[in-house]
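Below is a briefing on one structure, for use beside the sequence and the model.

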There are 2 protein chains.
Amino acid sequence: MSKAKGNLAIGQSGGPTVAINSSLCGVIHEALAHDEIGEIYGMFRGIQGLLKDQFIDLRRQSTEIIKGLRRTPSAALGTGRYKVTPNDYERILEVLKARNIRYVHYIGGNDSADTSLKLHKLAADAGYELHVIAVPKTVDNDLCGTDHCPGYPSAARFVATAIRDSGRDTEAMGPASPAKIMEIMGRNAGWLTAAAVLAREDEGDPPHLVYVPERPVSVEQLIEDVKRCYEEREYVVIAMSEGAQEAPGKTLGEEYAPKEVDAFGHRMKGGVSDYVAALLRGRLGLKVRMDKPNYLQRSMMICASPVDLEEAYRVGRQAVKEAVAGRIEGMATLIRDAGPQYHCSVGIASLEGIANREKKLSPEFMNEAGNSPTEAFLSYARPLLGDPWPPIPYVRLAKYFV
Amino acid sequence: MSKAKGNLAIGQSGGPTVAINSSLCGVIHEALAHDEIGEIYGMFRGIQGLLKDQFIDLRRQSTEIIKGLRRTPSAALGTGRYKVTPNDYERILEVLKARNIRYVHYIGGNDSADTSLKLHKLAADAGYELHVIAVPKTVDNDLCGTDHCPGYPSAARFVATAIRDSGRDTEAMGPASPAKIMEIMGRNAGWLTAAAVLAREDEGDPPHLVYVPERPVSVEQLIEDVKRCYEEREYVVIAMSEGAQEAPGKTLGEEYAPKEVDAFGHRMKGGVSDYVAALLRGRLGLKVRMDKPNYLQRSMMICASPVDLEEAYRVGRQAVKEAVAGRIEGMATLIRDAGPQYHCSVGIASLEGIANREKKLSPEFMNEAGNSPTEAFLSYARPLLGDPWPPIPYVRLAKYFV
């Protein structure tokens, strides 16, 4: 370690995904390859681990454990949602100096990019040499500066798998229980909800309707959409973003959200899909069923995209490479090659253009009616799922009635 | 077809599972092997298909499609929840006679066994020779007369997989978001909820608490349980049956179910886990997160148990074998060998002991405190998941703090 220029601290932040540990593995593997890097510290529960000087020694982990991170969901270091304030700056610098930390890698989304940017500025202002290279991660896929975000492809694969299977269930129930809503993560961005269309194989397959925050639909249009779909095939499956809107800035049915408080004085929680379910029962007389897979979307490893796990690993390595090569601040990125063959290379972008920004679902990715993603979206998203997709081939009986 | 004694009608009933098509495949494969059987009719959407004389010709399906049923979730014939009444008897006999149906196989749970029994009695009373051999299916696992029910092992595998993965997510969030409730199917029987314990690998792994309808727990005990678990490890994961009770016959918090009506005059639906979440927020000040995978529990093929798919196929075949051998009524069953090595053979039981009965989770399968299944349950349920279990090995970092 005599050649070491300094130590490295790596943290995980925000909601876990199935791929964030793969990025952690990438950071560790790359760090192990550079003599400039001394100790490899894991922040326990994100930036708070740094503030509390709670670090896990990553050099002492067995190679088996480090390798196993690539197929372990959730955040192995623990994570958190703490937002750094100027009050923390002195303490941060103190710990960085005391530990001789010269490399910081923070894996996360917009907020984490902001934290990384703050650390960079703080160190720069203090004249303390620090390389802060963030690693992207979010199932929301809303980070600027990168083709897509590690974590998103696997969550997309989960959503598509879930809609495909639960959609078959609704198809079989037919008129007995004809409508299903699956509520999908992404309060401000529809990327993950849009991924539901990847479930479609044959004409008429679920999901029949897809609603995202970026494309508000009026209550009347929604009812019309559902009615038409139901009349066409006696069942209807809806992929509904938890943040779907009826007008810009107005979540569907927000004025009908239950005002009653529970036994403890807390307001009952009623989401978009609860409202829409009530709407469809009331206006169309349909029995409506709901799936709320919630945290399974970001944790179910058996649905992980192999493309995602690999890319998450590569951006982790890339972050360390950039730091060791002298880059002072940035976020590792994925850059997609032009052309029909899917390939992404890794790159780097400045944190200034990323921190606190949100990349919304592009307008050309939703159809005119605002109720289904387009072919352009399919071209964008399909390769991210990896192969084989679908994971298991299904059949339908030929409807030879006798 | 000159040797044919009559035609066969096969139907699927109630909630679909990932294995019910495997049973359908078993019935078809076995039927194809017997010259006594002429046409093979699939009832379109359960018993209503018979009532409406809507049948799908299963002999005309390609062998590829029939084989593909073994890995296709949901009910390929369509299903329903129609309950036969005496008003339907004449019509049923009429269709049976007109179609010369001599073999009926109905795949389903308690209600379907009841339907099968009615068909048997109806035909017997009319002096019409009819072989009615039901095929068991239910994720609730609450059928009498069989060691377990096809469909249950796969749903159990889903639940265990989901708790394992979502539990890791909660572990990583720690104090930031420390409590998670997964709501699990089974309004009257706790078999599926109990399967959550199959997720445990290491001491202290989720789920930390498991509540089933058969073992009511008082609100105070529940709060004590959660408090203790949270204090032990800074997070707590709860597997909660949708039918968990606080006293015999009294669902947890049923008097707190929201009384407010929605915009359309319908009462808002609030389940057990919504109540318990409010309880834990109010009494312990914990942030609580929820997963409601609902229909994914019975449809997610990627989580299917290989043992289940195979057994479902075998009970389908068994039903036909029994019918062709002359048995007039019954349900195909699974009979577990004694001893440590898991093996089930197929058998037959009379419908009289099965129709409309429910097999509750055995008392010895829950611990004294009523908050966790026992080793005896693990021995019962573990072999049903098949191998490899867990599907993917995960790691944890060694907590070497520096």
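Helices (H or I, at least four residues) and strands (E, at least two) are DSSP runs, numbered from the N terminus. This is a predicted model, in which local features need pLDDT of at least 70 and side-chain atom pairs count only at pLDDT 80 or more, while totals for chains, interfaces and linings use all residues. Residues are numbered from 1 along each chain as its sequence is written, chains are lettered from A in the order in which they are written, and side-chain values use heavy atoms, without hydrogens and water.

**Backbone details**

- A:Asn294 is found in the loop between β11 (288-291) and α10 (296-299) of chain A, and its phi is near 40 degrees.
- A:Asn294 is buried at a relative accessible area of 19% (buried means under 20% relative accessible area, exposed over 50%, partly exposed in between, with a 1.4 Å probe and protein chains only).
- A:Arg45, in the loop between β2 (37-43) and α2 (47-51) of chain A, has a positive phi near 65 degrees and counts as buried at 17% relative accessibility.
- Most residues other than glycine have a negative phi, and most peptide bonds are trans.
- The peptide bond from A:Asp387 to A:Pro388 is cis, with omega near -5 degrees; A:Pro388 lies in the segment after α12 (375-381) of chain A.
- In chain B, a cis peptide bond with omega of about -5 degrees joins B:Trp389 and B:Pro390.

**Helix α5 of chain B**

- The 17 residues of helix α5 (residues 110-126) should span 24 Å at 1.5 Å a residue, and the end C-alpha atoms are 24 Å apart, which agrees (the expected span is 1.5 Å times one less than the number of residues).
- Its buried residues include B:Asn110, B:Asp114, B:Leu117 and B:His120.
- The buried residues of α5(B) pack against α2 (47-51), α4 (89-98), β4 (101-108), β5 (131-136) and β12 (329-336) of chain B (contact means heavy atoms within 4.5 Å).
- Just after α5(B), B:Gly127 takes a positive phi of about 65 degrees.

**The two copies**
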